[in-house]
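Reader: Can you walk me through this model? I'll ask as I go.

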Amino acid sequence: MTDAGQAAGRVAWLRERIGEYDRRYYQLDDPAVTDADYDALFAELQALEARHPELADAGSPTRRVAGAPAAAFAEVRHRQPMQSLRKAANEGELREFDRRVCQTLQIDTAQYSAEPKLDGLAVSLTYRQGELVLGATRGDGATGEDVTANLRTIATLPQRLGRGAPPLLEVRGEVFLPLSGFGRWQAEAEARGDKPPVNPRNAAAGSLRQLDPAVTAARPLAFTAYAVGH
């Protein structure tokens, strides 16, 4: 394919299809194509992007395994503070939490929903016109670190949102290391004679804060969203 217009159209189509296949595979657990067909499309996209550098796009699926190492992480000021969670170690502390909730909301009884706490690293994702443009760590709650290139390597983290996404959306969530991936990483490290990771939380945090995105891409990280920020 030599015509620039045809190449641009094919690249756009490939990115859209691969993005949808990623969503079906990683988020819905419902693969739409075989691994061989997916790999063929991915390889075609890589080849086209290599031949047409003017079509480079930070949101391309191929960027999950690419990107130059960073000398340091830039600071990111959060639009709204990213607060840490409080802990309740006993029934008394839990009842005190309930009292504060009811007092703040000026109600007599509160209803709660509960979900598992995934222990990893809190991050903030900023989407403009449905495109991921910035990803940052929580940091001290007011200022975090720009780890966008590393976050792009995580397969369960959407690079693009579906049609109808708002012009600006900040999503907050957790980057974590599933126990299956953690166990596999430990076994592989021991087989090589390397020091295995100590626990999933520290391994996830350390993996995301690598200066070289290629190192992050080799780690079995996952992402889950839990809140809207801005």
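**Helix α2 and the rest of the chain**

Author: Helix α2 covers residues 35-51, 17 residues in total, and its first and last C-alpha atoms are 24 Å apart, close to the 24 Å expected at 1.5 Å a residue. The expected span is 1.5 Å times one less than the number of residues. Helices (H or I, at least four residues) and strands (E, at least two) are DSSP runs, numbered from the N terminus.

Reader: Where do the numbers come from?

Author: This is a predicted model, in which local features need pLDDT of at least 70 and side-chain atom pairs count only at pLDDT 80 or more, while totals for chains, interfaces and linings use all residues. Residues are numbered from 1 along each chain as its sequence is written, and side-chain values use heavy atoms, with hydrogens and water left out.

Reader: Back to the helix. Which residues of α2 are buried?

Author: Tyr38, Leu41, Phe42, Leu45, Leu48 and Glu49. Buried means under 20% relative accessible area, exposed over 50%, and partly exposed in between, with a 1.4 Å probe and protein chains only.

Reader: Which exposed residues does the face turned away carry?

Author: Ala36, Ala50 and Arg51. Ala50 has a relative accessibility of 63% and therefore counts as exposed. Ala50 and Gly229 are 179 residues apart in sequence, and their C-alpha atoms are 36 Å apart in space.

Reader: Zoom out. How many helices and strands does the protein chain have?

Author: Seven helices and six strands. Along the sequence they follow the pattern α-α-β-α-β-β-β-α-β-α-α-α-β. The C-alpha trace spans about 70 × 50 × 40 Å along its principal axes.

Reader: And what percentage of the residues is buried?

Author: Of the 230 residues in the protein chain, 35% are buried. Among contacts with a separation of 6 or more, 71% are between residues 24 or more positions apart. Contact means heavy atoms within 4.5 Å.

Reader: OK, sheets. What order do the strands take in the open sheet?

Author: Four strands form it in the order β3-β2-β5-β6, with antiparallel pairing. Two strands pair if DSSP finds at least two bridges between them. The edge strands, β3 (131-137) and β6 (222-228), each pair on one side only. From one strand to the next the twist averages 35°. Axes here are lines fitted to C-alpha atoms, for helices over the stretch in contact, and angles run from 0 to 180 degrees between N-to-C directions.

Reader: How many bridges join β2 to β3?

Author: Six, and the two strands run antiparallel. Arg128 stands opposite Glu131 in β3, and Val123 stands opposite Thr137 in β3.

Reader: What about the turn between them? Which residue in that hairpin takes a positive phi?

Author: Gln129, at a phi near 50°, in a hairpin with two residues between the strands. Gln129 is exposed, with a relative accessible area of 62%. For context, most residues other than glycine have a negative phi.

Reader: And where is Gln106?

Author: Gln106 lies in the loop between α3 (91-105) and β2. Its phi is also positive, near 60°, and Gln106 is exposed at 74% relative accessible area.

Reader: Now packing. How many residues are in the largest nonpolar core?

Author: 23, and those with the most contacts inside it are Leu125, Leu151, Ile154, Leu157, Val175 and Leu208. The elements giving two or more residues to this core are β2 (121-128), β5 (168-176), α5 (179-192) and α6 (200-208). Apart from it lies another core, of eleven residues, including Ala7, Val11, Phe42 and Leu55. A nonpolar core is a set of buried Ala, Val, Leu, Ile, Met, Phe, Trp, Tyr and Cys residues joined through side-chain atoms within 4.5 Å.

Reader: What does Leu151 touch?

Author: Not counting residues up to four places away in sequence, Leu151 touches Val123, Leu125, Gly135, Ala136, Leu157, Gln159, Val175 and Leu208.

Reader: Last one. Is Ser207 buried or exposed?

Author: Ser207 counts as buried, at 0% relative accessibility. Ser207 is in helix α6. With residues up to four places away in sequence left out, Ser207 touches Asn150, Trp185, Thr216, Arg219 and Leu221.
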